[in-house]
Amino acid sequence: MSKIEEKYWYLISHTVYAAMFGYLGKKSIVYKPLEIVGHRSIYIENDVYIAQYAWLMGSGNKERNLYIKAGTTIGHYAHIVARRSIVIEENVLIADHVFISDCTHRYEDIERPIKKQKVRIIKDVCVGEGSWIGENVCICGASIGRHSVIGANSVVTRDIPDYCVAVGSPANVVRRYDFGNNEWVSVKKH
C-alpha cells in the first residue's frame, strides 16, 4: 500500500469506523473491509492492521465480544465471527484467508435450510499473545496458546497449548518448546 493510500485508509478508519466500533485504538487501520457486522461489539486496540477484504462480525450489542489487542496484524480475506467471545491477544500474526469463529450453524432440523437455522455457540476463542496463524487456517471454538504456531491449511477444533506448533486437520501438536534445553522438540505420537 502506498503512503497516500495508507493515509487515506487511516483517515477512513479513524473517522467512519471509529464512530461505529466500540473502540478503535491509535495507529490502527482497517483497510478496505469486505463487511463489518455488529460494529459496537468490536474493540480494536492500538497499532492493529487489518488487511483488505476482511469480514468482521460481532454480536451487535454494546458488550465487547470481538476484541483485537495491540500490535496484531490480520491478513487479507480474514473472516472472524464472534457471537459470544473472541479475543486476539497482543502481537498476533494472522495470515491470509483465515477463519475464526466461536459458533457454528445448526443443522438438526432437516426440514429447514441450514442457513435459516440459528447458530450454536461452540466455545469462547482466544488466540494467545505472540502466536502465528498460518494461511487458510480454520479455528472453530478452540483457543491457541501463547507463542504458538498453527501451520497452513490446519483446522483447529480443540485447544492448543502455549509454545507449540500444530498442523493438520484436525490440528495436532507436532512440536513444543522445551524450556529445560531451550529448544523446539518434536512431539512423539502414541
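1. In this predicted model, T72 lies in the loop between strand 7 (66-68) and strand 8 (73-74), where strands (E, at least two residues) and helices (H or I, at least four residues) are DSSP runs numbered from the N terminus. Residues are numbered from 1 along each chain as its sequence is written, local features need pLDDT of at least 70, side-chain atom pairs count only at pLDDT 80 or more, and totals for chains, interfaces and linings use all residues. Side-chain values use heavy atoms, with hydrogens and water left out.

2. T72 counts as buried because its relative accessibility is 0%; buried means under 20% relative accessible area, exposed over 50%, and partly exposed in between, with a 1.4 Å probe and protein chains only.

3. Leaving aside residues up to four places away in sequence, T72 touches D47, V48, Y49, I88, E89, E90, N91 and V92, a contact being heavy atoms within 4.5 Å. A polar atom of the side chain of T72 also lies 3.1 Å from the backbone oxygen of K69.

4. Turning to the whole chain, the protein has one helix and 22 strands. Its radius of gyration, taken over C-alpha atoms, is 17 Å, close to the 16 Å that the globule rule (2.2 Å times the number of residues to the power 0.38) gives for 190 residues, so the protein is as compact as a globular protein of that length.

5. Buried residues make up 39% of the 190 residues. Among contacts between residues at least 6 apart in sequence, 21% join residues at least 24 apart.

Notes: A polar contact is a pair of N or O atoms within 3.5 Å; within protein, one must be able to donate a hydrogen and the other to accept it, and residues adjacent in sequence count only if both atoms are side-chain atoms.
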